[in-house]
Amino acid sequence: MKKVLTIVAVASAMALVVGTGSAVNAADKTLKLELVSKGETHQFWQAVKKGAEEQAAKMNATIHFQGPANETMIDKQLEMLDAAIALKPDAIGYAALGTTESVSHLKAAKTAGIPVYMFDTAASCTGGVPSLGASSDCALGVAYTNSTAAGSLAADKMAALIGGKGKVLVVGHSQTNQTGIDRRDGFVNRIKAKYKSITLLPVQYSEGGDALKAQEIVSAALVANKDLKGIYGTNEGVSIGAGQAFKAAKLTKGKVKLIGFDSGKQQMANIKSGLQSGAITQSPMGIGAKTVEALVNYVRNKTVPKNLIDTGFYYYDKKNIAEPKIAGNLYE
Amino acid sequence: MSKEVKAVEGEEVGGNRLRAFAKREIGRVLALGSLVVIFIFFTIMRPVFASWENVSGGILMSTTVTGLLAIGTTFVIITGGIDLSIGTATALVAIIVGKTVMALNLGVAGGMLVGVIVGGLIGVVNGLLITILKLPPFIATLATMKAAQGLALIVSDLKPVLFTTDVKGWDSIAQGNLIPKIPNGVLILFVGAVIAAIILNKTVLGRYTFAIGSNEAATKLSGVKVNNWLVAIYGLGGLYVGMAAVVLTSRLGSARPDLGLGYELEAIAAVIIGGTSLLGGKGTISGTIIGALIMSVLINGLRILELQQEWQYVVVGAVIVLAVWGDNVRRRRAGEIS
């Protein structure tokens with residue numbers, strides 16, 4: 001630990017000395033970026049890495065991407081973050097595992113004069129509750145998926161699929177998880193505000209995205225509502241369960257529209273076969289790309305990035321599932 | 001209170017064989033009665049509830065996984081033990097079945113065999129932890145529950161295993177119809193229940209299950225190798241976990257590592273509602289099936305009525321309390337417990 005602190009201290013001192021010198025030729029030199037992720041092997045993080053690499057190549061920068069083996073290894077990730085700071089890169093991208101634990105480490109980066117932009121999840125730099133906006137102390141901002149807007153997009157797509165009227169059931173995957181709440185509210189509020197002829201049945205939950213429970217919920221809903229037009233599931237497990245309920249009830253494909261979330265082998269197969277209408281995917285590649293873009297622009301042109309960058313999301317269906325900008329964000 | 005006791009005694013005095021039967025079986029008769037009452041209530045509220053489509057595809061199908069788990073765990077509870085691992089063990093077995101079936105291209109029969117063997121092994125591990133390490137069943141199976149949850153995530157590499165169409169007929173394990181209009185999953189539950197009832201009532205294993213639950217020390221003193229039988233009983237419970245896992249993967253078309261947590265409590269609730277005593281020594285398979293059906297009729301009915309989900313949880317909780325409390329009151333009156 002002592003050693004790390006020494007390295008950090010030396011690095012900070014060096015930053016002070018060479019700080020002005022490096023700015024002079026920043027425009028043409030290849031920038032070195034360290035990205036410390038929440039994971040490395042999972043397909044989601046692989047897509048983040050790919051997006052970051054592609055963006056870096058466009059902007060004359062290189063990235064070194066690393067993350068711990070799983071998302072409980074906060075210590076391991078903080079070691080990686082310390083090591084990244086010690087290397088004194090031009091900038092650091094960081095996806096916070098320890099939203100509070102990482103704050104002192106990030107302040108060390110600031111002291112060392114290394115700009116940090118966060119991705120996916122922000123650290124709580126003001127010392128309070130982790131919050132996306134609270135980044136001024138130790139980072140420039142965060143690139144993340146706006147789940148509420150993603151839910152609203154699902155609502156627009158559902159309305160288009162069912163002709164703007166009829167009964168729709170929302171099956172959520174959590175009543176407490178923030179992403180689950182945002183995906184639900186984005187959908188529900190959009191329907192209520194814009195599509196008055198759509199009737200929303202009471203929201204049902206398959207806690208934790210249990211696919212079996214989701215199947216049972218949807219089976220019952222199909223019995224209780226012969227005129228059900230659409231189902232919106234807020235994560236992969238729920239989407240799978242709903243699709244299986246359609247199969248078990250031997251519904252004609254497309255009779256009831258189903259819009260899900262994320263990807264996965266089974267859901268993608270269901271979309272290709274027409275059992276499921278479509279799904280919303282986040283854009284992990286966009287998360288990687290926007291993070292790199294924000295950092296490079298800041299270092300090279302002193303453009304202060306936005307505090308929050310929405311990295312976008314896509315609706316995909318049978319027609320566009322193979323398009324590169326979609327396919328790169330899907331995982332099995 | 002005393003008046004009612006007299007009334008019961010009076011009935012007994014003038015009783016015939018039918019009455020004696022009714023008295024002996026009153027727990028199950030009452031449970032079955034509650035089931036019928038709940039069923040009629042939902043039918044009146046929403047007639048579509050009683051449609052065969054809902055009864056077979058909704059209620060009976062929803063009972064398959066919990067029902068199989070509950071049958072196996074009835075044996076364990078009759079011995080005075082408990083098995084908390086059955087939920088996450090279901091996920092672990094499902095993942096292992098999925099991986100082996102897809103990798104070795106095993107058919108339906110091979111996959112079922114793998115499931116039952118792996119499930120049985122997990123049960124045996126529980127039994128060994130309890131008998132050799134002398135851990136209380138609650139702790140031993142809590143440990144297995146955690147370990148199974150972790151292993152399911154590790155073995156699966158956090159990814160669901162999809163049963164592709166290369167494996168012919170996997171979805172028909174639960175969803176096919178060997179008998180017209182009856183899903184195979186329901187058939188498996190029925191056959192599993194009949195086999196369990198025979199084992200419990202007609203075999204040495206069944207007799208020792210009751211004996212260990214009534215008085216383990218006395219059973220040991222009478223020369224029974226209690227430890228060996230306990231391992232066998234937990235192993236038997238595991239076989240049902242294996243079958244439940246196979247049915248689950250067939251219903252979903254995939255094996256998912258994030259499933260199963262909480263299923264153990266639903267299964268245990270079904271067993272207790274069915275009149276099996278948590279203290280051991282008493283219990284029936286038919287009671288367990290009735291208990292499992294009460295749970296799924298109730299949950300399905302509340303969904304059909306589209307009651308807000310938060311209230312669904314509250315109602316289910318209240319019904320569990322009512323069912324078990326009612327059974328306790330009855331037994332106290334009958335002098336079965338003090």
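Predicted model: local features only at pLDDT ≥ 70, side-chain atom pairs only at ≥ 80, totals over all residues.
Visitor: What angle do H7(A) and H12(B) pack at, and how far apart are their axes?
Guide: About 60°, with the axes of H7(A) and H12(B) 10 Å apart. Axes are lines fitted to C-alpha atoms, for helices over the stretch in contact, and angles run from 0 to 180 degrees between N-to-C directions. Helices (H or I, at least four residues) and strands (E, at least two) are DSSP runs, numbered from the N terminus.

Visitor: Which residues make that contact?
Guide: H7(A) uses Ala211(A), Leu212(A) and Gln215(A), and H12(B) uses Leu248(B), Arg251(B) and Leu252(B). Two residues are in contact if their C-beta atoms, placed from the backbone, lie within 7 Å.

Visitor: And how many residues does each chain give to the whole contact?
Guide: Chain A gives 25 residues and chain B gives 27 residues. On the side of chain A that touches chain B, the largest share, nine residues, comes from H7(A).

Visitor: Switching topic. Which residues touch the most other members in the largest nonpolar core?
Guide: Leu69(B), Ala244(B) and Val247(B), out of 137 residues in that core. Helix H12 (residues 226-252) of chain B gives the most to this core, 16 residues. A nonpolar core is a set of buried Ala, Val, Leu, Ile, Met, Phe, Trp, Tyr and Cys residues joined through C-beta atoms within 7 Å. A residue is buried if 20 or more other C-beta atoms lie within 10 Å of its own, exposed if 12 or fewer, and partly exposed in between, with C-beta atoms placed from the backbone.

Visitor: What is Leu69(B) in contact with, leaving aside neighbours within four places in sequence?
Guide: Its contacts include Ile86(B), Thr90(B), Tyr240(B) and Ala244(B).

Visitor: Is Leu322(B) buried or exposed?
Guide: Leu322(B) is exposed, with 12 other C-beta atoms within 10 Å. Leu322(B) lies in helix H15 (residues 309-334) of chain B.

Visitor: How far is Leu322(B) from Ile130(B)?
Guide: Their C-alpha atoms are separated by 32 Å, and Leu322(B) and Ile130(B) are 192 residues apart along the chain.

Technical notes
Residues numbered from 1 in each chain as written. Chains lettered and ligands numbered in written order.
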